[in-house]
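Here is a friendly walk through one model, written for someone who may want to follow along in a viewer. Please keep the picture open as you read.

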Amino acid sequence: MGFFDKIKKAFMNEKETQPAEIETDETQTEAEVEDKVSETQPVEQEMTEQTQEDSFENEEEPKNNLEAESDPLTTVTPVIHAEERVDPEIMEEQAEEIIVQEKYEKGLEKTRKTFGERLNELFANFRSVDEDFFEELEETLIGADVGFDTAIKITESLRQEVKLRNVKKPAAVQNTIIEKMVDLYEAEGIEENNALNIQENGLTVMLFVGVNGVGKTTSIGKLAHEYKQDGKKVLLAAADTFRAGAIDQLVVWGERAGVEVVRGNAGGDPAAVVFDAVERAKAENADILLVDTAGRLQNKVNLMNELEKIKRIIQRELPDAPHEVLLVVDATTGQNAMSQAKQFKETTDVTGLVLTKLDGTAKGGIVLAIRNELHLPVKLVGLGEGIDDLERFDANDFAIGLFKGLLKVED
Ligand SMILES: Nc1nc2c(ncn2[C@@H]2O[C@H](COP(=O)(O)OP(=O)(O)O)[C@@H](O)[C@H]2O)c(=O)[nH]1
Ligand SMILES: [Mg+2]
């Protein structure tokens with residue numbers, strides 16, 4: 001099943017769970033309606049509560065796990081008999097998946113809403129699908145930060161389809177626009193490896209790079225917390241020695257996550273800090289070393305030289321490291337994030353992106369631009385300021401979060 005079908009399915013399922021929709025459906029008997037309402041409503045309520053509590057890991061009651069099974073987004077809705085034993089591990093996994101999906105939907109709410117409003121405006125302003133309509137659509141897409149090339153690609157492909165199918169009314173192309181976007185997103189992501197390169201045995205070193213304020217330190221703190229929770233030995237290196245404040249900030253995150261921070265003096269040599277950190281990580285058999293770096297782009301040559309030096313130091317100690325060089329970009333900056341990524345990519349071997357602050361922006365469409373124009377895999381996404389608000393990039397969850405609410409019910 002392609003992404004678009006999955007989104008449609010998730011969308012239709014949600015529609016079904018809304019009692020108002022069910023009541024007006026005249027093809028169903030009353031008993032069926034009641035059945036449906038009692039089946040779906042409490043689950044939805046429960047889900048919201050569970051997400052707020054966010055406490056699945058400590059949850060031992062099988063009650064919640066059973067309910068998680070009947071999530072409207074999953075395809076499985078088996079009847080579970082009381083006497084049947086349920087594998088708690090599988091149940092927990094599914095519950096986790098639901099929480100992640102909800103985080104994505106919540107994090108992408110602003111993007112979805114803004115883009116939806118713009119699309120509505122477009123449809124309200126045009127009575128027929130003509131050249132003006134296409135031009136306006138192109139602008140709407142560019143405004144949604146999907147990127148210039150991407151906007152043109154989507155519009156062009158829609159133009160052809162409209163001609164082929166002889167469509168006249170704008171409302172008839174709404175789902176097709178979404179479909180084109182989803183298809184492009186899916187096609188461009190086929191070869192993409194979004195997984196973090198983690199060493200099963202031995203130390204994994206990840207370098208975090210990017211300009212000031214994008215969320216490097218915060219993302220490191222969140223990731224450190226996650227690995228620590230998983231029982232891994234984690235070490236942080238405060239190689240952003242430019243400002244004392246930057247070191248202190250990482251130390252605070254280290255305390256929050258319960259992991260040690262290797263630090264030097266403010267103004268000191270970042271490569272020396274990294275050297276110490278790698279030595280210590282090796283001596284203590286650490287699993288994960290996360291390296292925070294400075295990001296002064298105004299001094300591009302120096303910055304890149306410094307990063308290269310840090311990399312060389314790491315490689316001398318551990319030849320196949322760093323295992324990830326993650327470029328952190330702030331989604332709220334839209335096209336600026338794109339140009340930062342292009343610059344870094346030219347001078348450093350970036351292995352992936354961390355896209356932060358998606359929760360605070362309507363620019364989530366940037367993921368399309370990244371896929372279509374940058375060809376760097378997004379590996380992590382920041383969906384909030386909290387310690388748990390960093391997620392692995394999931395192309396499927398992202399597509400559903402981005403597009404689901406934009407579909408129209410087909411007659
Ligand atoms: N809303 C939101 N804020 C974030 C996210 N990631 C980072 N921030 C905020 O962005 C600001 C800068 O982050 P920081 O980690 O200091 O950036 P750095 O200079 O790259 O290390 C801080 O106020 C963070 O709380 C995110 O995913 N969502
Ligand atoms: Mg920082």
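This is a predicted model: local features need pLDDT of at least 70, side-chain atom pairs count only at pLDDT 80 or more; totals for chains, interfaces and linings use all residues.

Two packed helices are described by the angle between their axes and the distance between the axes.

| Helix pair | Angle between axes | Axis distance |
|---|---|---|
| H9 and H16 | about 160 degrees | 11 Å |
| H8 and H9 | about 130 degrees | 10 Å |
| H5 and H16 | roughly 40 degrees | within 8 Å |

Let us start with H9, residues 174–189, and H16, residues 395–403. How are H9 and H16 oriented to each other? Angles over 145 degrees count as roughly antiparallel, and the angle in this pair is about 160 degrees. H9 and H16 are therefore roughly antiparallel to each other. Their crossing is right-handed. On the H9 side, the contact involves Ile178, Met181, Val182, Tyr185 and Gly189, and on the H16 side Ala395, Ala399 and Phe403. Sorted by class, the contact of H9 with H16 holds seven nonpolar residues, one polar residue and no charged ones.

H9 also packs with H8, at an angle of about 130 degrees. That angle makes H8 oblique to H9. The crossing of H8 with H9 is right-handed. H8 brings Thr150, Lys153, Ile154, Ser157, Leu158 and Glu161 to the contact, while H9 brings Thr176, Ile177, Lys180, Met181 and Leu184. By class, the contact of H8 with H9 has five nonpolar, three polar and three charged residues. If you click on Met181, you will find a residue that is listed in the contact of H9 with H16 and in the contact of H8 with H9.

H16 in turn meets H5, which spans residues 88–107. With the axes of H5 and H16 crossing at roughly 40 degrees, H5 is oblique to H16. The crossing of H5 and H16 is right-handed. From H5, the contact takes in Val100, Gln101, Tyr104, Glu105 and Gly107, and from H16, Asp397, Phe398, Ile400 and Gly401. The contact of H5 with H16 divides into four nonpolar, three polar and two charged residues.

**Around the ligand**

Next, turn to ligand 1. Which residues come nearest to ligand 1? Of the 19 residues around it, these are Gly215, Lys216, Thr217, Thr218 and Gly382. Helix H10, residues 216–229, supplies the largest share of the shell, with three residues. By class, the shell around ligand 1 contains three nonpolar, 11 polar and five charged residues.

**An annotated stretch**

An unreviewed UniProt entry places the feature "domain: SRP54-type proteins GTP-binding" at residues 377–390. In the model, the span 377–390 is 0% helix and 43% strand. The C-alpha atoms at the ends of residues 377–390 are 16 Å apart.

**Two backbone details**

Finally, here are two spots worth a look in the viewer. The peptide bond from alanine 321 to proline 322 is cis, with omega near -5 degrees. Proline 322 sits in the loop between helix H13 (300–317) and strand S5 (324–330).

The other spot is aspartate 145. Although aspartate 145 is not a glycine, it has a positive phi of about 65 degrees. Aspartate 145 lies in the loop between helix H7 (131–143) and helix H8 (148–165).

Conventions. Residues are numbered from 1 along each chain as its sequence is written. Chains are lettered from A and ligands numbered from 1 in the order in which they are written. Axes are lines fitted to C-alpha atoms, for helices over the stretch in contact, and angles run from 0 to 180 degrees between N-to-C directions. Helices (H or I, at least four residues) and strands (E, at least two) are DSSP runs, numbered from the N terminus. Angles under 35 degrees count as roughly parallel, over 145 as roughly antiparallel, 65 to 115 as roughly perpendicular and the rest as oblique. A crossing is left-handed if the near helix is turned anticlockwise from the far one by less than a right angle, and right-handed if clockwise. Two residues are in contact if their C-beta atoms, placed from the backbone, lie within 7 Å. Ala, Val, Leu, Ile, Met, Phe, Trp, Tyr, Cys and Pro count as nonpolar, Asp, Glu, Lys and Arg as charged, and the others, Gly among them, as polar. UniProt positions are given in the numbering used here, feature names are shortened, and annotations may be inferred rather than shown by experiment. A residue is near a molecule or strand if its C-beta atom, placed from the backbone, lies within 6 Å of it.
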